[in-house]
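This briefing covers overall fold, surface and charge, and one local feature. The structure comes first, and the notes follow.

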Amino acid sequence: MADRRLLVWTVASFHAAGLTLAFVALAHAGGALSDLLAGLGTLAGFAGYGYLWALSYLATRWVLDDETVAAATDGAVRTPLLRGTVGGSLVGLGALLGPLLLVVVPDLVAGSANPGSIALVALIGSGVALAVGAVVGLAFALLDLAALRIVGRITPARDRR
């Protein structure tokens, strides 16, 4: 379904841009943005954004399957919110574990890292990432449903789906 692919692409891009904007705004408000950007090159910035966008795309594609889109269009709330929350959790977990693996694998291969410490950090961090991702996923699902309701009010019924 071509329309669903466009929907997934658009919503995933909105979510990735929203997450990036929120992160930049929080870092700027905390005064850490200039230090963070000074240590981050352009290529690393693009790679990070691309990774976040890919996670967002995969989660959005899973959340917005045909049944969920049909249910949301018909006014259902529970399924889209539940799938959005789970999808957000998975993005949070991926946002933690991907960079963590990128950083620690070379140290593990070289034998200079303690696997037990890394496992403990990954375990605790995964719980936090899942919880934060769930909250963000729920917030985005609420925004998406609100946008869908607005579109439903301003477009004729024959133009939906």
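The protein chain exposes about 10300 Å², and carbon and sulfur atoms supply 73% of that area. The model is a predicted one. Its secondary structure consists of 6 helices and 0 strands.

**Fold and dimensions**
- Along the sequence, the elements of the protein chain follow the pattern α-α-α-α-α-α.
- Taken along the principal axes, the box filled by the C-alpha atoms is roughly 60 × 30 × 30 Å.
- Among contacts in the protein chain with a separation of 6 or more, 85% are between residues 24 or more positions apart.

**Burial**
- The protein chain has 161 residues, and 25% of them are buried.

**Charge**
- There are 10 positive and 9 negative side chains in the protein chain.
- A distance of 9 Å separates the centres of the positive and negative sets.

**Nonpolar surface patch**
- A nonpolar patch on the surface is formed by Leu-120, Leu-123, Ile-124, Val-128 and Val-132.
- Together, these five residues have about 490 Å² of accessible area.
- One of the patch residues, Val-128, lies in helix α6, which covers residues 115-154.
- Why does Val-128 count as partly exposed? Its relative accessibility is 48%, and the partly exposed class lies between the buried limit of under 20% and the exposed limit of over 50%.

Note on methods. Residues numbered from 1 in each chain as written. Predicted model: local features only at pLDDT ≥ 70, side-chain atom pairs only at ≥ 80, totals over all residues. Heavy atoms only, no water. Helix = DSSP H or I, 4+ residues; strand = E, 2+ residues; numbered from the N terminus. Buried < 20%, exposed > 50% of the residue type's maximum accessible area, 1.4 Å probe, protein only. Contact = heavy atoms within 4.5 Å. Areas by Shrake-Rupley, 256 points an atom, 1.4 Å probe, with all protein chains shown as cover. Lys, Arg positive; Asp, Glu negative; His and termini not counted. Charge placed at Lys NZ, Arg CZ, Asp CG, Glu CD. Patch = residues over 30% accessible without salt bridge, like charges linked within 9 Å, V, L, I, M, F, W, Y side chains within 5 Å. Salt bridge = Lys/Arg side-chain N within 4 Å of Asp/Glu carboxyl O.
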